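Please work through the following exercises with the sequence and the model side by side. Each task sentence is followed by a solution that goes step by step.

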Amino acid sequence: MQEKGTEAKTGTKIKTKADAKANIKAVRHIKRFWPYYVMVTPGVIYLLVFRYIPMLGSVIAFQDFSVVKGIAGSDWTGWKNFQKLFQYQDFYKILKNTVILGALKILAVLPVPVLLSLMLNEVKNQKLKKGIQTVICIPYFLSWVIIGGLVFDLFGSGGLFNHIRNALGMKNLLVMQKESWFRPIYVFSSIWKEAGWGTVVYLAAISGMDPGIYESASIDGAGRFQKMRYITFPLLTPTVLTMFLLNIGSFLELGFEQVYNLYTPMTYAVADIFDTYVYRAGIQQGQYSFATAVGLFQSVVGLVLVVIFNHLSRKYSQEGGLW
Amino acid sequence: MIKESLKDRLFSGIITVILAILAMIAMIPLLSEAAISFSSKAASDMNRINLWPVEFTLDSWKYILTKGKIWPAFFITLSSALAGTVLALGITSLMAYPLSKKKFKAGKYLMVYVVFTMIFKAPTVPYFLTLKNLGLYNSYWVLVFPHILTAYNLIIMRTFFRQFPEEIEEAAIIDGCGHFRLLARVVLPSSKAVLATLGLFYGVTIWNQYQHPLMFIQDMDLYPLQLKIRQIIDGGGDFQAITAVRHVNYTEATLSAAAVVFAILPILVFYPWLQKYFAKGAMLGSVKG
């Protein structure tokens with residue numbers, strides 16, 4: 001910056017000198033760091049090919065894209081696809097589903113591991129504590145295909161759920177085909193898969209808390225519940241806030257695989273989210289440009305949300321945001 | 001240590017019991033699935049199975065393991081997870097190492113380049129078309145290549161490399177050790193914990209992946225495990241015809257239960273390592289460099 005400043009004032013002679021200086025600097029830099037440049041090259045090329053080129057490919061949202069003609073040969077249509085999108089009834093349905101499921105995930109799923117961690121912290125028998133934690137973490141490592149299989153069996157006509165209903169004198173209920181049941185199923189399957197694992201971060205934060213505070217609270221006559229309520233919970237709040245802000249940023253990324261493995265055509269009306277819709281309209285039906293417009297809308301809104309909430313999490317928690 | 005009051009012990013005891021019950025409830029879906037897989041056709045048809053096998057039989061398992069065509073899918077998934085893990089660790093550590101150096105000024109800009117991929121995702125369709133143009137449609141390598149470098153894992157590794165003592169590296173450089181040898185012989189051998197962690201992150205991602213194979217793989221001979229399992233769950237393939245034969249002792253339900261349990265087993269075998277190293281990764285991931 002400084003070199004630029006002087007060059008503007010004193011004219012061309014200095015400019016060449018400064019250029020030469022900059023060149024020497026660049027050569028030195030390359031000489032010193034060339035192995036680093038070689039090392040990063042595969043990664044840079046990889047990200048270019050697998051992440052950036054597809055981003056640039058989004059321009060087909062502004063085209064009437066055909067695979068035969070390619071991007072260069074297809075007709076440009078401006079904002080037509082987006083206009084179509086905003087007039088499209090299903091778009092609002094999908095947007096609504098995405099927002100509702102995203103909100104449920106944050107309001108109903110995120111607090112569960114916090115509660116579980118506070119509870120686990122009260123288990124005195126260390127072996128039992130470890131055992132419980134080991135068991136509740138298992139589902140985290142299973143794929144959504146497997147979880148989908150388990151859920152369909154559990155709630156199918158011959159599944160345990162209906163056996164219990166029958167035992168209570170109720171009729172069979174095909175839960176997976178019922179619109180009103182999709183959201184509860186979505187929430188419970190999320191909790192089953194992720195809540196146990198979520199305790200890892202919180203328990204680590206709890207184990208890092210100063211034992212001195214607990215000792216002095218005990219001397220003052222605080223019971224276990226009071227210590228949990230007035231020491232552990234407040235001290236855990238910053239970690240909870242950080243996790244909350246990070247998660248709310250990726251609000252729209254509900255994950256294709258969970259919904260795809262839990263929904264049925266009978267529940268599309270409440271289950272269809274951006275990712276599943278884009279897959280069906282874009283990949284299966286070949287409406288490339290329109291599905292790209294839908295996806296681009298999601299990506300841009302997602303970007304704005306992440307940036308806002310990352311900023312907030314840097315502001316309100318000492319651990320900072322994603323970057 | 002102050003002796004705990006009766007009230008405290010009761011409080012702790014009640015919570016322990018609640019958690020133990022919750023943990024047992026959490027295992028019900030797995031137990032119930034296993035029970036179905038070991039039950040007879042009659043029991044399955046009559047919907048009589050709860051948490052324990054009814055009229056115990058291994059017939060469904062025998063069928064799945066010998067005629068279910070599940071092994072090719074298993075080996076495709078296994079080999080792609082192994083290949084992907086090796087490639088991923090190579091490319092990630094090569095990139096993370098220079099980026100961990102504060103004196104490497106270009107690193108700052110490269111980090112922006114990396115982090116941006118985390119916050120802006122390419123829409124599915126152009127992503128699909130790009131990979132298709134690269135010849136990855138219906139290709140084994142689509143199981144591997146899309147998963148070998150993620151910004152999140154790169155940042156974890158960079159954070160880890162930052163903790164490596166600089167004096168050791170400087171001493172090695174003075175002794176005439178080049179940067180590549182330094183990385184391969186000095187830095188990586190003392191980074192086994194992070195390599196194991198990220199190796200498992202990448203490996204599990206590839207093992208459990210469903211969306212990529214669903215979009216890209218049409219050829220049934222190339223089906224990885226998750227796609228195969230989903231096909232069996234959906235009653236696809238020749239299962240319907242097979243279970244219609246009268247004298248067999250399995251149904252579509254028991255066969256798909258056996259397939260699902262089969263796919264869970266490898267995860268359970270590796271579970272102690274998964275738990276240990278994933279926890280390490282979660283800790284590293286929450287500390288930003």
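Helices (H or I, at least four residues) and strands (E, at least two) are DSSP runs, numbered from the N terminus. The model is predicted, so local features need pLDDT of at least 70 and side-chain atom pairs count only at pLDDT 80 or more, while totals for chains, interfaces and linings use all residues. Residues are numbered from 1 along each chain as its sequence is written, chains are lettered from A and ligands numbered from 1 in the order in which they are written, and side-chain values use heavy atoms, with hydrogens and water left out.

**Exercise 1. A loop of chain B**

Solution. Next, look at the backbone, where Glu55(B) has a positive phi near 50 degrees although it is a residue other than glycine.

Then turn to the side chain. A salt bridge is a side-chain nitrogen of Lys or Arg within 4 Å of a carboxyl oxygen of Asp or Glu.

Finally, consider exposure, for which buried means under 20% relative accessible area, exposed over 50%, and partly exposed in between (1.4 Å probe, protein chains only). Glu55(B) is partly exposed because its relative accessible area is 43%, Arg48(B) is partly exposed at 42%, and Asn47(B) is partly exposed at 33%.

**Exercise 2. A buried pair in chain A**

Task: Decide whether Glu122(A) and Arg224(A) are buried or exposed, and explain which parts of chain A their salt bridge ties together.

Solution. Start with the contact itself: the side chains of Glu122(A) and Arg224(A) form a salt bridge, at 2.8 Å from N to O. Glu122(A) is in the loop between α6 and α7 (126-137) of chain A, whereas Arg224(A) is in helix α12 (residues 224-249) of chain A, so the pair ties together parts that are 102 residues apart in sequence. Both residues of the pair are buried.

Helix α6 (residues 111-120) of chain A is itself mostly covered, as seven of its 10 residues are buried. Among these buried residues of α6(A) are Pro113(A), Val114(A), Leu116(A) and Leu120(A).

To place this pair in context, a search of the whole structure finds seven salt bridges over all chains. Another salt bridge joins the side chains of Arg230(B) and Asp234(B), at 3.0 Å from N to O, and Arg230(B) is buried because its relative accessible area is 17%.

**Exercise 3. The largest pocket**

Task: Determine which residues lie closest to the centre of the largest pocket and how its lining divides by class.

Solution. On a 1 Å grid over the protein atoms alone, a pocket is an open set of points where a 1.4 Å probe fits, with protein on both sides within 12 Å along at least five of seven lines, and lining residues have an atom within 4 Å of a point. The largest pocket holds about 1,200 Å³ of space. Of its 42 lining residues, the closest to the centre are Asn121(A), Glu122(A), Tyr214(A), Arg224(A) and Lys227(A).

The elements that give two or more residues to this lining are α7, α10 (179-207), α11 (211-219) and α12 of chain A together with α1 (6-37) and α14 (252-285) of chain B. By class, the lining has 19 nonpolar, 11 polar and 12 charged residues, where Ala, Val, Leu, Ile, Met, Phe, Trp, Tyr, Cys and Pro count as nonpolar, Asp, Glu, Lys and Arg as charged, and the others, Gly among them, as polar.

**Exercise 4. Pairs of positions in chain B**

Solution. Val261(B) lies in helix α14 of chain B and is buried, because its relative accessible area is 11%.

For a second pair, Lys102(B) is found in the loop between α4 (70-99) and α5 (106-119) of chain B, and Lys102(B) counts as exposed because its relative accessibility is 65%. Lys102(B) and Arg162(B) are 60 residues apart in sequence and 8.9 Å apart in space, C-alpha to C-alpha.

Terms used: Points joined across faces, edges and corners; volume = space filled by probe spheres on them.
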